Amino acid sequence: MLQCRRRGNCGCDTALSELAEALYDRYWKERKIVDLNEAISLYCAAVGLRPLGNPKWYLSLRALALCLSDRYQDRGELANLKEAVTLGCAALQLCPPGHPDRCKSLNNLACDLGIKFEKYPDIGELEEAIELHHEALVLHPSGHPHRFSSLHHLACCLRYRYGNLGVVADLEEAVLLEREALELRPPEDPDHTISLNNLTCYLEMRFVKKANMGDLEEAIELYHVALELCPSGHPDRSTSLQNLTCCLKDRYDNQGGADVLGESMALLHAALELCPPGHPNRGAVLNNLAGALRTKFEKKADKCDLKKVIELSRAALELHPSGHPHRFASLGNLAHCLRDQYDNEGVLADLEEVMTLGHVALELSPPGHPDCTSSLKDLACHLTKRFETQLDIRDLEEAIKLHHAALVLCPSGHPHRFSSLHHLACCLTDRHAVLGRPTDLEQAAIELLHAALELCPSGHPHRFLSLETLARCLRARYGSQGVVSDLEEIMVLGRAALELSLPGHPRHVASLNLLAYDLRTRFEKQANVHDLEEVIELLRTALELCSSEHPHRLISLQNLAFCLFARYGQQGGAADPKEAAALLDGAVRTHSLPGHANHRAADLDKAIALEQQALQLLTPRDSDYDTCQRHLADYLEAKTKDSSQDAAPSSDAPSVTC
């Protein structure tokens, strides 16, 4: 269009521009694309009639760019947006610093670059948009009628850059800018609601990054305010309901509370009622409702909830066909639900569908796409799950490759960097367990997991996980290399993990047992009786917390018995071997509980070994000696009977005719 032939001007350019402006105004009132198309044609003609030196030429360029940008948003044709950016650049060049209309040209071009980035991410263009918005903001001081627009759009672009580069300073600035923008619009102004929702979104993002409950509580409070501004019948009420439920889910994840989950479910059901079949937001509500039900399933493990979650997720995916902006989210939600079902039922078809969905999601988020990192990580985790099931090393190799790619996209400060470091380290540790490559363990334990722990300071929700994982990798390296410094670091990590897993924590007993194991290892190396005393104390505490069916009761019984016997060897005394024998006898009974094992072959061998160990700790004069002997005889007899039954021919075997 810039190459249109310029003819002699007889005042037609002004008439064309005025008519184009009138058509553009009517388009905004009636939303008829024919008016916008005609306005674009007239503005193009006006540009052709105005020579380069015409003082109004930049006005025609800017107006034409604005129309093309609107047509892109109406029709989604990238060519319109690209041309709008080209024209906007030309218009800005005609408005140098000090020009009275430079502000408008800055703002329009910056907005078009921001819109383009949303669909076709180019960090260079986003950087340019931020620079232009910053300049426009300086030209819109306090009291200027366009200051709200500059604040709001600059905050949006900074949020985009934070999402891609993870620089916390961008998010902090976005919060400050949107707070000021919110104050410039009264509650009855439509822009007030937009600014309110954006500020709440930024606060929620900052909570995810910094785990500051103050940000989350303020976000929930602001979403309640936004909901009050959208009473029954308001077109944005459904969106406000959904936004509030997202924050309530975060609160539930951090603090628990059935009332919080119940409120979230009620709000989502209300939102779904406002989005009947055919409503453009129905798919998003179905996705969110499925997510809330999945949270409920994780808490109560009700398979009916999981079936309903999968049903809702499939319905949402059907409403988000190829090309839909929410298709990526729907693919991910369904994949995670099917993976939950696989974990519960073990049906391989579910896992294979998960893999298919993961590959499709990755295809929808190529390098440069804002969701590329999460696509890489999700697919890598699915591959790791299949490796755990089928032990195909190719799945693990591909998972490691994907995690490496994700880590490259998560530089220092990126909100997903911890997750990328942690998952890659776990995969490398798994490969070390299979292939025995020392470099895998070195990289996982020393580099990646130490880096991950640095991202989890005191109070961080992932600190316990990071401590436990790093200790496990160092424990493996100590077992293969025997470096004493590793053992000492393991002790420090174990004590820190135990402090974070207080009584009632699901990993409290495991933390007690692991720290006891590490202390016992150091005792065996250094023969420090203080370590042994602490081991016994920790194991007694763990045993008190283990019911007869607790999965850790058997190991607690065995470990405590062996440590008591070790103390007897160090210090003497009759009480320790008797208590140890009783514990081992208890371990036998624990091992033989229904549901603990199948009472065959290996289980009987284990029971016999434990009972023999108990007898070695007793003398014929001890009161428990006869009981242990009787138990041992029973297990030996059972083993003999099993051997006889295995050797006997089956009654169902076909007869042989001579």
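A residue is called buried under 20% relative accessible area, exposed over 50%, and partly exposed in between, with a 1.4 Å probe and protein chains only. The model is predicted: local features need pLDDT of at least 70 and side-chain atom pairs count only at pLDDT 80 or more, while totals for chains, interfaces and linings use all residues. Residues are numbered from 1 along each chain as its sequence is written, and side-chain values use heavy atoms, with hydrogens and water left out.

**Salt bridges**

A salt bridge is a side-chain nitrogen of Lys or Arg within 4 Å of a carboxyl oxygen of Asp or Glu. By this rule the model contains 34 salt bridges.

| Glu172 | Arg206 | 2.6 Å |

Helices are DSSP runs (H or I, at least four residues), numbered from the N terminus. Because Glu172 lies in helix H8 (residues 168-183) and Arg206 in helix H9, their pair ties together parts that are 34 residues apart in sequence. Glu172 is partly exposed at 23% relative accessibility, whereas Arg206 is buried at 13%. Glu442 in helix H20 (residues 438-454) and Arg477 in helix H21 (residues 463-481) likewise link distant parts of the chain, 35 residues apart. Here Glu442 is partly exposed at 27% and Arg477 is buried at 9%. Through shared partners, salt bridges also join Glu172, Arg206, Lys210 and Asp215 into one network.

**Helix H9**

Helix H9 comprises 21 residues (190-210) and spans 31 Å between its first and last C-alpha, close to the expected 30 Å; that expectation is 1.5 Å times one less than the number of residues. At its start, a side-chain oxygen of Asp189 comes to within 2.7 Å of the backbone nitrogen of Asp191. Asp191 is itself partly exposed, at 27% relative accessibility. After H9 comes Ala211, which has a positive phi near 60°.

**Nonpolar cores**

A nonpolar core is a set of buried Ala, Val, Leu, Ile, Met, Phe, Trp, Tyr and Cys residues joined through side-chain atoms within 4.5 Å. The largest has 75 residues, and those with the most contacts inside it are Leu132, Leu177, Tyr202, Leu244 and Leu357. Helix H7 (residues 147-165) supplies the largest share of this core, nine residues. A second, separate core of 38 residues includes Leu379, Ala425, Leu441 and Ala444. Contact means heavy atoms within 4.5 Å. Apart from neighbours within four places in sequence, Leu244 is in contact with Ile220, Tyr223, His224, Leu227 and Leu267.

**His320 and the cysteines**

Where does His320 lie? His320 is in the loop between helix H14 (303-318) and helix H15 (327-345). The residue is buried, with a relative accessible area of 2%. Its side chain makes a polar contact (a pair of N or O atoms within 3.5 Å; within protein, one able to donate a hydrogen and the other to accept it, and residues adjacent in sequence counting only if both atoms are side-chain atoms) with the side chain of Ser330, at 2.6 Å.

A disulfide requires a pair of cysteine sulfur atoms within 2.5 Å, and the count by this rule is zero. For Cys156, the nearest cysteine sulfur is that of Cys157, 6.9 Å away. Cys156 is buried at 13% relative accessibility. For Cys426, the nearest is that of Cys473, at 6.6 Å; Cys426 is partly exposed at 21%.

How values were computed
Helix = DSSP H or I, 4+ residues; strand = E, 2+ residues; numbered from the N terminus.
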